[in-house]
Amino acid sequence: MLQNVRILSVLLAFFPALAWSEWEVNMTRGVTDTSAAIYDLHMIVFYICVVISIVVFGVMFWSMYHHRKSKGAEPHPFHESSTIEILWTIVPLIILIVILVPATKTLIQTYDTAESDIDIQVTGYQWKWRYKYIGQDVDFFSVITTPSDEIYNKAEKNPNYLLEVDRPLVLPINKKIRFLFTSNDVIHAWWVPALALKKDAIPGFINESSTKINEPGIYRGQCAELCGKDHGFMPIVIKAVTESEYVAWVAEQKALKQKEASASQKDWSMEELMAKGEEVYNKNCSACHQPTGVGLPPVFPALKDSPIALGPIQDHMDIVFSGKAGTGMSAYGEQLSAVELAAVVTYERNAWGNNVGDKLLPADVEKLKGGK
Amino acid sequence: MTTQVAETGHDDHAHGPAKGITRWLFTTNHKDIGSMYLIFSLIMLFIGGSMAFVIRAELFQPGLQLVEPNFFNQMITMHGLIMVFGAVMPAFVGLANWMIPLMIGAPDMALPRLNNLSFWILPFAFSMMMVTLFMDGGGPNFGWTFYAPLSTTYAPPSVTFFIFAIHMMGASSIMGAINVVVTIVNMRAPGMGYMKMPMFCWTWLITAFLLIAVMPVLAGVVTMMLMDIHFGTSFFDAGGGGDPVLFQHVFWFFGHPEVYIMILPSFGVVSQVIPTFARKKLFGYHSMVYAIIAIAVLSFVVWAHHMFTVGMPLAGELFFMYTTMLIAVPTGVKIFNWVSTMFKGSMTFETPMLYSIAFVILFTIGGLSGIMLALAPVDFVYHDTYFVVAHFHYVLVPGAIFGIFAAVYYWLPKWSGKMYDEGLAKFHFWVSFVGLNLTFFPMHFVGLAGMPRRIPDYPLQFADFNMIVSVGAFLFGTSQLIFVFILIKTLRSGKAAPQSPWESAEGLEWTIPSPAPYHTFATPPKVD
Ligand code: HEM
Ligand SMILES: [Cu+2]
Ligand SMILES: [Cu+2]
């Protein structure tokens, strides 16, 4: 008895995840009309497949049991029958047509192109998402926030492990939202299971999809197209709220923008810039250049002791601002605010043993931004 | 007149193989080349399998434990490429080499020197591909489907070697395929009309045509990549007027027929094995042949079912959804025919039969999940999740690989003249069967629950199933060592096999002694 308990507890220890996991085995029904239609279609086809398997495997197991040599079965010589062969060509065809009718309807439903209430441009970057509310002056990046200590098993994993971001995509419920997908580098795919929406984000092209969320809540998803090293680490979080909350949120975003703009006029000290720079660096740059600045050569160069980080500040600023076409190094001039740009460049010149000692002021970056 | 007779007499007289390594380097004998292909494929199976071990070990628990994401991506890429081009395809060519001449009563393959070349390209191609893992920046890390621009502009520098390796593999496959076509068309024994040909030859004939049709397309797409990377073109770069989606269209125009290349010869194998052990003729021979041809033709018009989420127009989605559904009809005919062959037979369950029955059952499961995937709107959810991984492993592992196992156990007595250990072989079967289902069935669940494929780490709700999957994978992987042990044991101490070890096996291969002499059918047999 004790032995059994011991074995059981050893077995359980093998499943430390038991506490977190729900043993989920099926697709979610989701929170939109389309996702519900897709779920229903999935279930219909699933049951049809189950029935087909029962029939086919039933006949097979029955023969395997009854028509065994060890039971003295004699082989029957029949080996052709046009009738039955035609029958089992036609019947599956009919079943398929029966499935295709609702499938076609659902597909047409997902292609709904009626007027939308809100348009959002979703851009994939290696390895984060950018959301631009068209016509609203709201435009931000959404980056994973799972600490690397959790990823490297140095800290306990939180329940939203790998599915948490700094700034979720906030959407109102009961409004028709149209997404325009594109990418800045390689192909990504934006996928949120609760919306049953998956669409490729392709560089140089724009894909369109719409959705209308029925229930408020937080819905999480992940990138679904292999897009390089951190493909597993670019989640999507949607916060679906009521219309009034949404309006308040938009206003808040605009106020935030204003505050940022005035911050660049302030005179930043070296310490302030370094502190801010570290934060910006770890959020935007460390995936490629690594937290310690050593990079992953030859694809992602080191910044520690790099000639650019130690050379003229103008050149350093230029590459961060304009990026380098055709590499992972995108143009950060349009992604980061003046304060963030100034801080990250200053940080790179004075961290990890780089010791240039100079700093870049947000006001100078502002000038550059105006100039370009 | 007399001199002529004397001369042919001289050419004909049976001489054994050359001695030492040159036997293998310079051989033009279809049996030697067949064996080399099969051994090569087994080695590749273990290399690709150890990469799967790395993948499953990393995914055993959430978090990053063993490898870095970039190396993980190299592992999934290499695993896929090695299994497809290194394990499954060469194994089929090996079976074709051994069996097609024996089944159609030909003395050898029609183009023996080409045969030697097509084999010897492979070790070089795969060595080149694998050394990229040790190059600066690592090996290919963009998935076996190598979508641009991840595989062009954003690829590691070693991608050029990868492209060259693919070219070499393609050249090898095309040569092998031409050889099969020429052999089957020209060298059938007198009296063996096409409609009397063993089913394995039929499936290989169609496979060979598929290979000849699509391998150049693969060569084309990697050449376009090469041009984009080194010669300033922009086939796949929107910035220069190209289109990344074009890559996917060209790739899948090769890729979908390719998946049939990896299954049709297995269809052929089970169509040989099931009648033998059911002691009954194959049901519906003619409709089987027509079904293969229908599948092959249709396989050229379904490719974009891999691309439902790239943003095709509605009409395109509908077209590819309908054609894909259509391909399930001839596939169903084949399954029904196998079941009818068993029906009212007199069955015994030797190892080749066990593998064939498992093939029919598990391939059907893979086919049914294929039908689910073919429905475009639902595929928006399934696509690029573990559900797809489950689907293609159900058609490839119990499909292609079990077909190969069935073939090896079925014909090993003929090849080696020795019987394998039936008890051990059944043990190998049952461990593989359990391991396989433990590995791949739960993948359906995590896929539906929302786990994307090709990720080195996953959210916590997928943890339990992933652990089961990993345990299954370790079981399945290690159980293949039993197979190697069985092979060695058979060759060293197997009982002598009779000319026809199976009670009611039919076909020319069973009319020659076991082991098959180095030269067979120097004078063609008569088939009536
Ligand atoms: C009834 C027949 C079949 C149907 C209807 C079918 C359908 C499909 C569909 C629609 C996909 C794309 C799923 C997605 O990416 O969202 C797919 C993927 C795949 N199928 Fe099948 N399939 C069938 C049989 C086979 C066979 C016989 C093989 C090979 C032996 C095969 C191998 C694959 C592979 C390798 C993939 C994944 C490719 C990738 O994205 O990496 N399938 N199948
Ligand atoms: Cu991705
Ligand atoms: Cu396909």
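**Close-up 1. The S2(A)–S3(A) hairpin and its turn.** In this predicted model, strands S2(A) and S3(A) make a hairpin with four residues between them. Look for Gly135(A) in the turn, with its positive phi of about 80 degrees. Five bridges hold S2(A) to strand S3 (residues 138-142) of chain A, and the two run antiparallel. One pairing to pick out is Trp129(A), whose bridge partner in S3(A) is Ser142(A). Strands here are DSSP runs of E, at least two residues, and helices are runs of H or I, at least four residues, numbered from the N terminus. Two strands pair if DSSP finds at least two bridges between them.

**Close-up 2. The S1(A)–S2(A) hairpin.** S1(A) and S2(A) form a hairpin too, with two residues between them. Strand S1 (residues 118-125) of chain A and S2(A) run antiparallel and share six bridges. Thr123(A) has Arg130(A) as its bridge partner in S2(A), while Gln121(A) sits opposite Lys132(A) in S2(A). Both strands are mostly covered: five of the six residues of S2 (residues 128-133) of chain A are buried, and so are six of the eight in S1(A). Buried means under 20% relative accessible area, exposed over 50%, and partly exposed in between (1.4 Å probe, protein chains only).

**Close-up 3. S1(A) alongside S5(A).** Here S1(A) runs parallel to strand S5 (residues 177-183) of chain A, with seven bridges joining them. Gly124(A) finds its bridge partner in Ser183(A) of S5(A).

**Close-up 4. The copper ion (ligand 3) in chain B.** Three histidines coordinate this ion at 1.8 to 2.0 Å: His256(B) through ND1, and His305(B) and His306(B) through NE2. Along the chain, the donors follow the spacing H-x48-H-H. Donors are N, O and S atoms within 2.8 Å of the metal (3.2 Å for Na, K and Ca); water is not among the atoms, so sites may look incomplete. The iron atom of ligand 1 and the copper ion are 4.6 Å apart.

**Close-up 5. His305(B) and its neighbours.** His305(B) lies in the loop between helix H10 (285-298) and helix H11 (314-342) of chain B. With a relative accessible area of 13%, His305(B) counts as buried. Leaving out residues up to four places away in sequence, His305(B) touches His256(B), Phe320(B), Thr324(B) and Asp379(B); contact means heavy atoms within 4.5 Å.

**Notes.** Residues are numbered from 1 along each chain as its sequence is written, with chains lettered from A and ligands numbered from 1 in the order in which they are written. Local features need pLDDT of at least 70 and side-chain atom pairs count only at pLDDT 80 or more, while totals for chains, interfaces and linings use all residues; side-chain values use heavy atoms, leaving out hydrogens and water.
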